[in-house]
Amino acid sequence: MRRAFAIARAEMLILRRNRWLFIATLIMLAFALALSFAGSAPTGTLGVDMLTVSVASMTTLSVYLAPLLALMMGFDAVAGDRDRGSLALLLAYPASRAEILLGKLMAHLAALAVAMCIGFGAAGAVAAWFGGAGAESLLALGRLVLTSILLGAVFLVLGYALSALSSGATAAAGLSAGVWLVFVVLYDLGLLGAVVMDSGGIFTQKIFPWVMVANPADAFRLWNVAASESVALSSGMAGAASALPGWAAPLSLLLWPALGFALACAAFRRVEP
Amino acid sequence: MDNAKSPLQIRALDKFRSKTQVLHGIDLDIAPGERLALLGHNGAGKSTLIKAVLGLIRHEGGSIQICGAAPGSVAARAATAFLPEAVSFHPALTGHEQLSLFARLAGERADIDGLLERVGLGEAMHRRIGAYSKGMRQRLGLAQVLLGRPKLALLDEPTSGLDPISRQDLYAIINELAEQGAAVLIASHALTEVEARTDRIAILRKGVKVADDTLAGLSAQAGLPVRLRVQASDAHADRIAVETGGRRINGASVEILCSPQDKMAELRKIAAMGDAVADIDMVPPRLEDLYRHYSGEDRR
């Protein structure tokens, strides 16, 4: 663990040096603020406070942005060191490969957390200031930040796995883009197509919600939606959420980082620098 | 000395890369304080052997023990220092930060500033490695070898990218390591450098160890000829060439190749020629000749 912290410390320095922390925070802040202001229109018609609407639109934003930022940080983790030629020396030191990945994960996760807290926090503050906030909408904001960090963790470890499996950093970047596209865009499109084909049969009623929650991006969306009735109302996802037990989405989102980390470690162990 | 605690003990090591065998039954030992030069062409298996010792790659046959521990185990990695060929680091970190990371990974409370001063990076230690020259990166690599007190130091082409003065420093540091009791393995191309600065020489050819002895031992085994270069006075070169069976190499010189045992007899013969001989040079076989002999260029 001491060695993992040593790695995390160096990685944190690197993230600060190469402006990654700053850029990620800036991106989160810009998008969250833009959405908060753009999404302030329908408040009256739904009868919820502005922060609730803001959280609903930021949930949609985070589905796209959290995986993207995480993969952009993760794809370089192993392949970058190997391309540079510094991996062999690092592995000659008495830190296990799991410790190295854990150290990188801690640093990357901390950077993501900072970006999420500042971005969503600022947008939430703006929404609360202008349109009011209640205990429930503040809770929803806190949940959004936490689940966004979890979603980031999923794609960080997937990024590490791709980084270890691919032949170089460029290939890892390409694979990461593919993974992002599949999980965030194509998966939902495929499900939508299946539901349309099935036209309200067994698949739509029984299987579809489970297939959906198996995808971490959808689990993230469902968790935020199901936990808050008013968010569900303003995001129109109440249907799918109500068909599943309450633990399904949290379980999926908590299981993915663990499985992904195990996968990344297994892939990293096969790397011969 | 307890055999199990030998810094490096390799027995019958086989390594395959897909179907081709890249190391064939390598046996190699290094004693504490011994400096071993590992020589061989590119692709002879030097780096592969080092990576196998580090546990970075798996081997298919034979055994490796580092101070009695398996390669890649925490004990083995803690006992080993490694300088990779053309060492590189993350460009965003400073030399000081990089070395601090290595010290923490090794669990050493080291004098980071002192080490960086020692390798001549005192001025540059708080600059980013991205701004370092190749030689400075190599020096940083050397600084991390000195972290802790390694029982075994594996240096892969340590002089590449270093200017002559840095090379002097490098060998001073290697001697220091050896004096502290580390077994030092230096994989190198720079034959003339390692010649005087190592205790023993091992030569790899296509994954086979073809020689492993001291320089003197290798010379004796190889039986390479001693080169006598006789400079004739006036116009006696032809006569000398005929009488000694040597070869005229220019107007006034004759080159004679003779085995080490015949050397004295040959010298007496030349001395007996009196004034006809103006000067004589004797060139024993150099490591370069031995290397060519053992690595196959002269063989069969």
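Biologist: What share of the 273 residues in chain A is buried?
Modeller: Buried residues account for 50% of the 273 residues in chain A. Please keep in mind that this is a predicted model.

Biologist: How many helices and how many strands does chain A have?
Modeller: Chain A has 14 helices and zero strands. The radius of gyration of chain A is 20 Å, close to the 19 Å that the globule rule gives for 273 residues, so chain A is as compact as a globular protein of that length.

Biologist: And what box do the C-alpha atoms of chain A fill?
Modeller: Along the principal axes, the box is roughly 60 × 45 × 30 Å.

Biologist: What part of the contacts in chain A with a separation of 6 or more joins residues 24 or more positions apart?
Modeller: Such residues account for 83% of those contacts in chain A.

Biologist: Let us turn to helix packing. At what angle do α2 and α7 of chain A pack?
Modeller: Helix α2 of chain A, residues 20–38, packs against helix α7 of chain A, residues 97–131, at about 25 degrees, and their axes are 8 Å apart. Angles under 35 degrees count as roughly parallel, and α2(A) and α7(A) are therefore roughly parallel to each other. The crossing in which α2(A) passes α7(A) is right-handed.

Biologist: Which residues make that contact between α2(A) and α7(A)?
Modeller: On α2(A) they include A:Trp20, A:Leu21, A:Met28 and A:Leu33. On α7(A) they include A:Leu112, A:Met116, A:Phe120 and A:Val126. By class, the contact of α2(A) with α7(A) has 18 nonpolar residues, three polar residues and no charged residues.

Biologist: How do α7(A) and α8(A) cross?
Modeller: The axes of α7(A) and α8(A) cross at roughly 145 degrees and come within 9 Å. The crossing of α7(A) and α8(A) is right-handed.

Biologist: Which residues of α7(A) and α8(A) meet there?
Modeller: Among them are A:Leu101, A:His108, A:Cys117 and A:Gly124 in α7(A), and A:Leu141, A:Ser148, A:Ile149 and A:Tyr160 in α8(A). The residues of the contact of α7(A) with α8(A) divide into 16 nonpolar, four polar and no charged.

Biologist: Where does α5(A) stand relative to α8(A)?
Modeller: Helix α5 of chain A, residues 76–84, packs against helix α8 of chain A, residues 135–165, with axes 6 Å apart and an angle of about 30 degrees. Helices α5(A) and α8(A) are therefore roughly parallel to each other. A:Asp76, A:Ala77, A:Val78 and A:Ala79 in α5(A) meet A:Gly159, A:Tyr160, A:Ser163 and A:Ala164 in α8(A).

Biologist: How does the contact of α5(A) with α8(A) divide by class?
Modeller: The contact of α5(A) with α8(A) has five nonpolar, two polar and one charged residues.

Biologist: Now the contact between the chains. How many residues come from chain B and how many from chain A?
Modeller: Chain B contributes 22 residues and chain A contributes 19 residues. On the side of chain B that touches chain A, the elements giving two or more residues are α2 (74–79), β5 (80–83) and α3 (95–106) of chain B. Of these, α3(B) gives the most, with six residues. The side of chain B that touches chain A divides into 16 nonpolar, three polar and three charged residues.

Biologist: What does B:Pro71 touch?
Modeller: Not counting residues up to four places away in sequence, B:Pro71 touches B:Ala52, B:Val53, B:Leu54, B:Gly55, B:Ile64, B:Ile66 and B:Ala76.

Biologist: Finally, what phi does B:Glu157 have?
Modeller: B:Glu157 has a positive phi of about 50 degrees although it is not a glycine. B:Glu157 lies in the loop between β6 (152–156) and α6 (164–179) of chain B, and is partly exposed, with 19 other C-beta atoms within 10 Å.

Biologist: And where is B:Lys206 placed?
Modeller: B:Lys206 is in the loop between β8 (200–205) and β9 (208–213) of chain B. B:Lys206 has a positive phi of about 50 degrees although it is not a glycine. B:Lys206 is partly exposed, with 16 other C-beta atoms within 10 Å.

Definitions and conventions:
Residues numbered from 1 in each chain as written. Chains lettered and ligands numbered in written order. Predicted model: local features only at pLDDT ≥ 70, side-chain atom pairs only at ≥ 80, totals over all residues. Helix = DSSP H or I, 4+ residues; strand = E, 2+ residues; numbered from the N terminus. Rg over C-alpha atoms; globule rule 2.2 N^0.38 Å. Buried ≥ 20, exposed ≤ 12 C-beta atoms within 10 Å, placed from the backbone. Contact = placed C-beta atoms within 7 Å. Axes fitted to C-alpha atoms, helices over the stretch in contact; angles between N-to-C directions. Parallel < 35°, antiparallel > 145°, perpendicular 65-115°, else oblique. Left-handed = near helix turned anticlockwise from the far one by under 90°. Nonpolar A, V, L, I, M, F, W, Y, C, P; charged D, E, K, R; others polar.
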